Structures are given as C-alpha cells and as structure tokens.
Amino acid sequence: MSPTQWDLPPELCCRPMAFVALTGLDVTYNAIHRAIWDAFCANRRADRVPISFKVLPGDHEYPKCRTKRTSYEWYIPKGILKTGWMNKHLNLVPALLVLFYELDWDDAVWKEKQSECATKVEIVRTSLQGRNTKVAVVLIQKKTPLPPGEDLVASERAASLCNACDLSGKSLFVLPHTDHLVGYIIRLENAFYEHAQTYYYTEIRRVKSHKEFLNKTTHQLLFVRHQFKIAFFSELKQDTQNSLKYYRTAYSLVHELRTHETNMLEIKTMAGFINYKICRLCFQHNTPLDAIAQFRKHIDLCKKKIGSAELAFEHTAWMSKQFQSFGDLFDEAIKLGLTAIQTQNPGFYYQQAAYYAQERKQQATHLCAHEASVSYPTPDHLETPSGALDFYGQRAWRQGHQSIDPPHMEKEKGGILALQMKEKDVPHSELIIALLSNAVAQFKKYKCPRMKSHLMVQMGEEYNHAKDYTKALKLLDYVMCDYRTERWWSLLTSILSTALRCSYLMAHVKDYISYSMELVGRASTLREEQKSRIEKNLIKVLMNEVPEAEPDCDQASAKAAQALWSDRMSLAGSNEFTIEVQDYVPFVQCKAKFLSPSFHVDDPVQLHVYLRADCPHPVRFSKLCVSLSNQVQYNQLCVVEEPCKSQDILEASSQENMCLVPGKTRIYSFKFVAKTEDVGKKIEITAVDLMLGSDNGRCVFLNWRGGGGDAASSHEALLAARSFKSRGRVPEQHVEWDTVSIQASTMIISRIPKISVQLSHEPPALNNEMYRITVSIQSNEETVTKDVKLTAGLKPGQDANLTQSTHVTLNGLEMCDESHPALLPDIAIGDLQPGEKVEKCLYVRCVTTGARIFLFHVAYALSTKVEGKDITCRCHKDETVTIETVVPFEVAVKFVSTKFEHLDRVYVDIPFLLMTDILSASPWPLHLVTSQLQLAPTMAAMDQPQSQVEQVVLQTGECASECFSLQCPPVLNGTSSVASGQYLISWKRKSWCADAPVVTTVATLPHVMVETIPLYVHAELPSFGRVRESMPVRYHIQNRTGLVQDVEMSVEPSDAFMFSGLKQVRLRILPGAEQEMLYNFYPLMAGYQNLPQLNISLLRFPAVSGQLLRRFLPSRIFVKPQGRQAEDASIAAA
C-alpha cells in the first residue's frame, strides 16, 4: 500500500461541473477552430456558467453502456461505489455532445454538406448508444446572420438540416466567426448549460426509478449507492441544496449497514467520502457550524470502528486523513472569506491529524516488527488484474466479497502480512512533520503562541526520530527561548535533554557544552545523579576527551557519534568557544556591581564580581576578566588569572581562589583610579568573561553581557524583593546571593570642591536698572587653587526670550545695551591661597519682567594624590539664584480742561492740562532724578515745561504727580487723532551709591482727538466775590473762522446775582476779530454760587451748541459774606 492510499480521490475533491464534449474542431491546424476553442476555455471568469469542456475526435469511443437491469430480485451487490464511476461522469460520459461543422446558408454545395453533417451526427449517436447524452450541432459561418424571420432561405435550410440530422430546432446553433466571437460563445455556453441541466435531471429521475425494485434485506448497499449518485448528479446540475440533502441521507444509510471485519474498511471509506462532500457543501453555503457539527458526528460514529486488530494502524491512518481533509476544507473556506477565531481554527484539526499519525507510527512499530526471516508474500495479494480496485474500500484479495467470514484464510493472512510489510516503508515522521507544520502555521496566524511552541517541540522530536538532528536542534532552540521566558523549567529540562542527545549524536561541541551547562544548573529538574553524569561528561569535553553516550541512543547511532567525537579531538584550531549565556540559565551565576552609582575622581573606583556555581561538584576556572566601556587601560586592571592543568578542573585550587564550590558565593574585588578626562562620563560594564578549561584542552569562555544575570535572574530578583521573610544575622564573610543587585554602570564626577561661593544682592531686580550682585569666593583648600575662573550670568536652557532680554557686565558705571551677553564665561580670578577671599561685582540689566535663574560657576585646578598617584583635579562649584524682575513704578496720564474736567478730545489753540501720576511699585525707595516732557510736533506747551518731581524720593506705594499746560496747534484735517509725545523719567535706587548709572524710563503719551471750533469764548473775572459788592465780568468772544459770524448772546437771570449789562444782544464779528462784553454782577448770597448762564448761538454753525461753548467759561464762583466796618478798620490798622 502506498502512502497515498488514504488520500481522497481527486474526482471527489474537485468541484463537479457539467461535462460537455466538443467534436468537429481541429484546434491544431485550423486557426478559426483554435480561436473558438480558446474562447471556450481561456480566461474563464467566475460569472460564466460552470461547464467542463473537452475537445474529442468525431470517432471517439465513449464508455459502453451496460444493459439496463429490469429487475433486482436476484441481484446481490458486490460493493457500494465503483472506483471509476465519478471519473466516468466527470470526464468520460458527456451531458451534451456538440458537433461543429462549417456550413453557410448560401453554400454552393449545400446538399452534399447537409448529407455529410447528417452522417457525422449519426456516427456520434452510434458511439453514444444507450446513453441519454444530448447531441447538438453548431454551424460555423463566415457571415453575420440576419435577424430571425428576415432570411427565408436560412429558415428553410435550417428546417431541412434538422430533419436530416433528426434534431430539434433548439439543438441547432449558428456561430458567426466575427469580431464578436466571445459574445456568441457566451450565448452558446448558456444554451449548452440548459441542455446539460436537462440531461442530469433525466439521470436523477432514472436513478430514482430504481428504488421501487429494491428491498432492505439484500440491497442495503444499493440504497447508499443510489443516494450518492443522485447527490452527485445534483452537484453536476449545480443544485447544491438538494445535493446536500441526498448526501445527508446517504450518510445516514451508510451507518445503517451491518458492519463486520470484512466490510469495515469499505463502510468507513464511503462514510469519509460522503462526510467530505457534506462538509464541503456546508462551507460553500456559509454554514461553518453545520460543517463542524457534521464532522464531530462523523468522528464520534467512526472512531471505534477499528476493524482488524492486526491492521489497527490503518484505522489511525484513516482517522488522521479525516482530520487533515477537514482542516484543508476549513482553511480553503477561510481563504474564500470565512472568519475563524482563536479557539476554532484549522490548526486544531491538523494537530489532531498529527496525533493520529503519531499513533499510527507507534502501532506500525509494534504490529510490523517481523523477524528478519519473514519476507514479503508471493504472489503479491495486493495486486489486481486491472491495477486498481473495483469498489472503494475493498481488499484486493477478496473484491466483491460481502459475507462475514473471509473466503480464503491463507489469502487473508498473506494480504495482512503484505499490508504490514508495506506499512514499514511508510515515512511516518515526514507525514507527522508536515501535519505539525500546517498546525504551527495556523496557530501562528491566529496568535496562539503556546500551542505553536508545543507543536514545534513535537516537530523537533520527530526530526530527532527521523535522525535529522540539525532541523531538530533548530526547532528546539527556537522554542527554548519561550520556555525560559515563561519559566517552564520541567518542559525546558525535557527539551534540553533531547537537544543534548542530538548535539551528542552530531558531535557538535559548542551546543553540547551549552546544553550541558544548562542541564546541570539551577533551572534543570533532573535528579542529582543525572546532573553529576552530565557534569562529568562536560569536564571530559573540556579535557578534549570523548564523552559517554547519552541515554536512549541506539547502539549504531552512539557508535557513529563516538567516531565523530574522536575526529573532533584531532582537529586543531577549534578548541576555543565563546558562549553568550545571557539568554540561558547556566550552572554558573554572575553578578557585577560598582560599589557606588558614582565615584569622585580623587577616590578609587571599586568593583565587585560575585560568582556562584549550581552544579553538583566544585569547578575550577582559569581566568576572570571584566570589560569596561571603551577603556583598555581599565580592563587590564580587572583580570584574575591562574593557569591550571586539564586534570585539575574538578580539583580545588592550591589557593582556592579560582575554585567555585556549589551553593557558595565568591567575591572578586577590583580597584582602579579613574582618569581626569573621564570626569562627567559614565563607565559601564560591557561584559564579564569566565574561562573554563585549559590551554592544552578546550577553552570555553562564558560571556555575560553588561553586569551579568541570565534568563532567570530578573524573576528571581523580583521574588527576592517581594519576600518579607526575616533573615537571620549573616556572617560578614558570607554573602546572601539574593541580596546582591547588579550595578553595571557608575559615573565619574569631579572632586568635591572645598570652596565657598556667596552671593550678596537686594532682590527683586527693577526693570531696566543695573542690578548689582556681589560674588564672594573663598578658598578652603589646603593647597593653592590654580586657574580660578568664574562663569556668571543667566543659566542656559531657559526661554530664548529671557536670553535676548538679559544683559550682564562687570562695569557698573555705564548702562548695558544689546551688545552685552546674557552669560559671561571664564572670568579670570587667578590663584587663591588657602583661606584667601575675593569679591567680584556683577551687574545685570533685565529688559523684561519675570523670574530668571542666574548661574555662578566657579572652576579651578588642584593637584592631589590618589592611591600614591599624582593627579590634577578640575573642581567646580555651582550656585544658582532665582531673581524676580518687577516694574519700579507705574505711570498714569490723563488730559483735563482748565477747569480740571476730563477731556476725551481737545480743540485747536485752546489750552488744556496734561496730568501725570508716578506710583511707586518698588519695595525699595526710588530716587526720581528728574523728568522731561518731549512733545510731538502736533503739541505745544503754553510755557517752558519744568520737572516738578526733580530729586523726589518715593517710598513704596507713594505717588508723585505733575501738571503741564498745553495746547494743540491747527491740524491739517478737520478732525483727527494726533500723537502727544513722550514722558521721560530718570531714576535710580536710593540705597545705591551716587555714581550708579541713572535709568531713564520712557512712557509714551496717549494719542488724543483734536477738533477745530469756530468760536472761542473765555471770561475774565475776579477770583472771588463779596456779598452786595459789584463784581466786573468780561466775556471775550473770538471768531476762529474766515467768515463773518452772526452771534446771538443772552444772559439768564440767577437767584444769587443781580447784573447789569446787555441781557440779550446780536453781534457780528469779523474773521479773526474779538468782541468784548462787560457785565457787572452783584452777589446776593455767600458761598459757592452759580454764575448767571451765558447762552451763545451761532447762526452760521447751528451744529455748534451753546453747551459746547459754555465748557470754556466758569460756571461757579465763591462769594464771601459782607464784612463789618470795625473788623475792616482793625484789619486796616493791622
């Protein structure tokens, strides 16, 4: 039996399509016929009808049709389904046979060609005698036919041809060979498909008609056969719903058959075929749950139908194939759009198929273990005359036999022996690996990492059984990483044992050493005697000797391995190995740590390396070296070396310095002086190397990256940190391993400076002032500090706007400008003797407000000794201070009239007042040196402006005010906004020295609206009046226009005054002229009194109201009471 015996036949797995045979086409030598054939079969899209075309010669012999049975009364079936039946209806017996013939309606020899065509049709019918296959004729014509009914000649000749060929009108077609050939072909296909549908419908009815002749006693097999055929014909007819129904019926019937050992295989085979069809159709109908349910039912029904115990491996092979086939169907459905999930994907079915394949392998090993004297039976009971079985699932030596007992026991025994001998040649491992590989791919796709790892282990073990050790190690190495990460120590130990066996059989020295080191370590779950054996083998390998064979190795393989190991001993130049143990769990643990996260450059750097062995026996090493980042000089100082002979590897050292005792921690200390150029740099442990072995044997370097640790260290450190178990007092010489932490890097920092830096200043700083900071530097060193330099100013790394608005200088007598930097570097101080003190003044100008951080960095050099070595240390000390910058004062400006009323606009050539208020916001007294008013060209002062706050000292919260009388000259436009100018205030701190620079603060005066007024009125009157004493009042009316003004004036009476003068008058004032009106007011009451109101109206400018003009006139006056004569006389006398 070949390994493909259990493969499903291709005609079962393909999609059934209607078979249409084409004859009369010469596709080899006739270009037109070739084009027609290509149109039928090339580039078929999914939307075209499902038809399988085949070109056959006209005299092709089709399968002969057997004589139709009229009665089943004495008929005993020999099997369920013949092996050639599906192929016959898919590829041999057409549903429709189409004859192509070149004939035009107007052909000159029409009669002769008509006869020739009829003859060909008759030949085809004869070859299909007894079949229900339809016959059709296609006339290949050169001209495009006219629409039906228009070509009378064509209609007559078509009817004549149909009569001659005994065809119906629906079986005659015309195919014009024009540019639209594909379109005509598609129309032809649709017509062919309808004929094929009719054929399969007829076949279904024919099979169904047999049912009435059957009985359930002797024709059980026929019930299954007929239901299968009806379902298969329905599939060819593309009626998948009915097909599924008939397959389900057939499946139920096949399990109703009486089963015994002789027909068990046939029943299982047919059940598998029908189950495959049902599952395929369920997936096709997008009902995957139905497919899964059917498959589970199928497995439950068949898993116990083992059959002959001597051929039990056949049952497991069949079960494996069932799971594999369903997995293939499932995977195919997913590729067509079905969505699978983690817990239900094809991987589980491939995994189960692999499980049964493994079970098959075990059963074959047990059942097929014949003695060497047993040979293959002669004659071969597995051969048949035709080379194939007549019915699916039957035995070659008893085909057609349906009774319970086998007919010939000798043949039965010979056949079973032949099957067993064939099974021995089956490459079981290849089958298992292929199935496991499919399962791994599926679990990887659906993100099931643990399932994937589990199956990869099985694949590795199968490769090991197949003696493909290279692939076995590759897979096992890949999986070991996952199991180390997840700490599955028992699983890891099992895998390592298999890997160690493979590496031994291949004589791979490096792999053998690495696996041995891990198997004798703390992660291994092996017994102590097993670890001891592995460690002794490891020592033999290090001594360049042949190790003992691993357990479970067959003698032939072990003998071949010993020869390979002997060859390795003689090889030169291959005795040094480096093993990166960071990702393993070796039998030696390593932790390296600097004793401090940082060391001053004048202190020696101290480094400890902790080693611990977990193997059963003490072990010696030859060399320990620590590699630091890019420092060859440091590396030379971190080496421990003691050469040893190969035979001393397991012996204690004379000094016991290079010997590791199991379970005890050994510490190796290193010390070195850091270079001054490494100040500010980080020194890292890049690797720790431990050398095992000797120069005359094999040298193995265990390499730990960084500060040590391995795949299990991080988790062990976490557990140790979480443990709250109180530990007893530990002796000083003993170190508890779990308390040691890795410190793989340290920073070299500068020597601690013995110098004091003090800052003296008066915060906060005032905006734009030269703010003084005094820096006092005093040396507390025992020797001379050389090359002292001060870097002072704004600390780098702050907002860029602060950098641009901060200026620093050492000269406090002049103001800083933008050319001065924000940071002054390397200000030379010189050398300082011990105890010497020096001061430096720094001046800072802050243009904007806000907080700033200032840095004062003092650096110097000093000579000292470290571990007897002279070095020059660069020391530095940093002081920072945050200084807030605030505004010194606030300036408020307002415009008022001469009556101190607020103005929102001013009038041309009419005086008004500018009021300024300076409010101190400084916590320190402010000395106002002077102030200055710089007027714009659009403003003019009534007199020479002088500072009214000169030499004034303002305390916090105090205010200084000034008042200036201004007027606005005529403007070009009627109404516009004009600039006023600037207000300059010169000031400095009161507390600072007299030569401190004066700060000038510029306040820009607001713009003001200017308007032109046609008439200006002002009054002359005394500063006060007296009751019952006459008071002269003059009103001056000035025409400010170039026109003659008609002015009406009237004085309203008042209860507080009597007056004389014109109560109402009309005036005419010439351009630029002024008119004066005199009144005598006679006060009647004392106190502040309202003057009689003067009303003015301009006839030429009615928009100018009298209320506007009255704003320029006084409205009240203080009236004193009338004095006594005596008082007046006494006053006069005085």
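Which residue forms a salt bridge with arginine 522? In this predicted model, the partner is aspartate 614, with the closest N and O atoms 3.8 Å apart. The two residues come from distant parts of the chain, 92 residues apart. Arginine 522 sits in the loop between helix H18 (509-519) and helix H19 (528-542). Aspartate 614 sits in the loop between strand E9 (605-613) and strand E10 (619-620). Arginine 522 has a relative accessible area of 23%, so it is partly exposed. Aspartate 614 has 18% relative accessibility and therefore counts as buried.

The charged theme continues. Side chains of opposite charge can pair when their charged atoms come close. The structure holds 36 salt bridges. One of them joins the side chains of glutamate 332 and arginine 280, at 4.0 Å from N to O. Glutamate 332 is partly exposed, with a relative accessible area of 36%. Arginine 280 counts as buried at 17%.

Another salt bridge joins glutamate 550 and arginine 533, whose closest N and O atoms are 3.4 Å apart. Glutamate 550 lies in the loop between H19 and helix H20 (555-570), while arginine 533 lies in helix H19, so the pair ties together parts that are 17 residues apart in sequence. Glutamate 550 is buried, with 7% relative accessibility. Arginine 533 is partly exposed, at 25%. Some salt bridges share partners, and these join Arg522, Arg612, Asp614 and Asp710 into one network.

Next, the cysteines. How many disulfides does a search of the whole structure find? The search finds zero. A disulfide is a covalent bond between the sulfur atoms of two cysteines. For cysteine 117, the closest cysteine sulfur belongs to cysteine 165, and the 4.1 Å between the sulfurs is too far for a bond. The cut-off for a disulfide is a sulfur pair within 2.5 Å. Cysteine 590 is in no disulfide either; its nearest cysteine sulfur is that of cysteine 625, 11 Å away. Cysteine 117 is buried, with a relative accessible area of 0%. Cysteine 590 is buried too, at 2%.

Now move along to histidine 715. This residue is found in helix H22 (residues 713-722). Its relative accessible area is 24%, so histidine 715 is partly exposed. Threonine 485 is 230 residues away along the chain, but the C-alpha atoms of histidine 715 and threonine 485 are separated by 9.4 Å.

The last stop is an annotated span. UniProt lists residues 1039-1096 as "domain: Trafficking protein particle complex subunit 11 C-terminal", in an unreviewed entry. The span is 60% strand and 0% helix, and its end C-alpha atoms lie 13 Å apart.

Two strands, E41 and E46, can be followed here. They pair in the antiparallel sense over five bridges. Strand E46 covers residues 1094-1098, and four of its five residues are buried, so E46 is largely enclosed by the rest of the structure.

Where does aspartate 1046 lie? It is in strand E41 (residues 1045-1051). Is aspartate 1046 buried or exposed? Its relative accessibility is 13%, so aspartate 1046 counts as buried. The side chain of aspartate 1046 makes a polar contact of 3.0 Å with the side chain of arginine 1068. Beyond its neighbours within four places in sequence, aspartate 1046 is in contact with Leu1067, Arg1068, Ser1097, Leu1098 and Leu1099.

At 44% relative accessibility, glutamate 1074 counts as partly exposed. Its side chain and that of histidine 1036 are joined by a polar contact of 3.0 Å. The C-alpha atoms of glutamate 1074 and histidine 1036 are separated by 6.7 Å, with the residues 38 apart along the chain. Not counting residues up to four places away in sequence, glutamate 1074 touches His1036, Ile1037, Gln1038 and Ile1069.

Note on methods
Residues are numbered from 1 along each chain as its sequence is written. This is a predicted model: local features need pLDDT of at least 70, side-chain atom pairs count only at pLDDT 80 or more; totals for chains, interfaces and linings use all residues. Side-chain values use heavy atoms; hydrogens and water are left out. Buried means under 20% relative accessible area, exposed over 50%, partly exposed in between (1.4 Å probe, protein chains only). A polar contact is a pair of N or O atoms within 3.5 Å; within protein, one must be able to donate a hydrogen and the other to accept it, and residues adjacent in sequence count only if both atoms are side-chain atoms. Contact means heavy atoms within 4.5 Å. UniProt positions are given in the numbering used here, feature names are shortened, and annotations may be inferred rather than shown by experiment. Two strands pair if DSSP finds at least two bridges between them.
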